[in-house]
Amino acid sequence: MTFRHIGLLALSLLATLPALPAAADGPVKPRSAAEEQASFAADRRDILAMAGTFKVRFDMQEATAWRADYTPIDRAISGGHEVVRVIEDTGRKIMLQHLLVVEQGGKTMVIKHWRQDWEYEPARVLVYAGPNEWKWEAVPEPMRRGRWSQTVYQVDDSPRYGGWGQWTTEGGVRRWRSNWTWRPLARRDAVRGPVYDRYLGINRHQPTPNGWVHWQDNTKMGMIDGTLQPVVQEYVLNSYTRFDGYDVEAADAYWAATKGYWAAIRAEWDRIANAKGGIRITEAAQAGTVVAGRLLEIADEVQAGKMQEAEAIALAKKLMDQATGAA
């Protein structure tokens, strides 16, 4: 099997989740400076608790149609095994990298999955601004205090969506709830070519006794008769249950071999976003962006010793710069 075939197979197995944010969903009780300071450590504990080894259940259901001519698709439930590692923690910023571990034909395959970055009291967030475009958006100054942004990145470390919100305890349950955020279509929808072409949603992250859940409330939107209109409401509940009865070592071996390469990729995306006020790159239904497949293949070649890290980084940067017009 060639690296290209491996890359295409990896992308086909991905179950990817995850401009204009509005005010947070519902009122949030103001907190004093003392309460915020006391809450900071608890917030960090809940974010860091999302790292570990998990069995994941993906539960997606289109429910309410907002158009008489649209019929919601059937509920889809799938699952897998996922390793989540802390790859950076500076106190006010935490990076969590997700790695899928898949058994295919008696062999273990590791697929670099999504990444989530958390930042305390951010001044701006990189958000989805519509097809093929992500831009920086300021967090309203009154909404920064005591809040965290979460920015989610695709398999090639290009941005996917970003939002901000506050960790609170309600009814005895700790949760973080985002503002309204725009997001590009996930692969599960993009490959079908539906009438909608983006999501407007709210994300919630909640610790559980044996893991955590990511709960999404998505309004699927599309350009119809020249205007952006709601098509259907979708509810997604991704449950992460602590479990290590699979080849966790394979995920850690992949990351050990490729982390330098991926650190350079992250830095290049950051450079492009800062230099150009955001990122413009063509989306691709199968992979997220037009360069994702090749960037993943290059990482596999680095791990296999087929390409030196420096050569791989230079090639990847060239592809990224060409695809974003940053060359």
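Student: At what angle do helix 4 and helix 5 pack, and how far apart are their axes?
Tutor: This is a predicted model, where local features need pLDDT of at least 70, side-chain atom pairs count only at pLDDT 80 or more, and totals for chains, interfaces and linings use all residues. Residues are numbered from 1 along each chain as its sequence is written, and side-chain values use heavy atoms, with hydrogens and water left out. Axes are lines fitted to C-alpha atoms, for helices over the stretch in contact, and angles run from 0 to 180 degrees between N-to-C directions. For helix 4 (residues 248-276) and helix 5, the angle is about 130° and the axes are 9 Å apart.

Student: How are helix 4 and helix 5 oriented to each other?
Tutor: Angles under 35 degrees count as roughly parallel, over 145 as roughly antiparallel, 65 to 115 as roughly perpendicular and the rest as oblique. The angle here is about 130°. Helix 4 and helix 5 are therefore oblique.

Student: Which residues of helix 5 meet helix 4, and how do the contact residues divide by class?
Tutor: Contact means heavy atoms within 4.5 Å. Helix 5 brings Leu295, Leu296, Ile298, Ala299, Asp300, Val302 and Gln303 against residues of helix 4, including Tyr254, Tyr261 and Trp262. Ala, Val, Leu, Ile, Met, Phe, Trp, Tyr, Cys and Pro count as nonpolar, Asp, Glu, Lys and Arg as charged, and the others, Gly among them, as polar. The contact of helix 4 with helix 5 divides into 11 nonpolar, two polar and one charged.

Student: Are helix 5 and helix 6 roughly parallel or roughly antiparallel?
Tutor: The axes of helix 5 (residues 292-303) and helix 6 (residues 309-324) come within 10 Å. They cross at roughly 180°. Helix 5 and helix 6 are therefore roughly antiparallel.

Student: How many charged residues are in the contact of helix 5 with helix 6?
Tutor: Helix 5 supplies Arg294, Leu295, Ile298 and Val302. Helix 6 supplies Ala312, Leu315, Ala316, Leu319 and Met320. Eight residues are nonpolar and none is polar, with the charged class at one.

Student: What about helix 4 and helix 6: roughly parallel or roughly antiparallel?
Tutor: Their axes come within 10 Å and cross at roughly 30°. That makes helix 4 and helix 6 roughly parallel.

Student: Is Trp167 buried or exposed?
Tutor: Trp167 lies in strand 8 (residues 159-170). Buried means under 20% relative accessible area, exposed over 50%, partly exposed in between (1.4 Å probe, protein chains only). At 1% relative accessibility, Trp167 is buried.

Student: Which loop holds Asn132, and what is its phi?
Tutor: Most residues other than glycine have a negative phi. Asn132 sits in the loop between strand 5 (124-128) and strand 6 (133-138). Its phi is positive, near 70°.

Student: Is Asp157 buried or exposed?
Tutor: Asp157 lies in the loop between strand 7 (148-153) and strand 8. Its phi is also positive, near 70°. At 1% relative accessibility, Asp157 counts as buried.

Definitions and conventions: Helix = DSSP H or I, 4+ residues; strand = E, 2+ residues; numbered from the N terminus.
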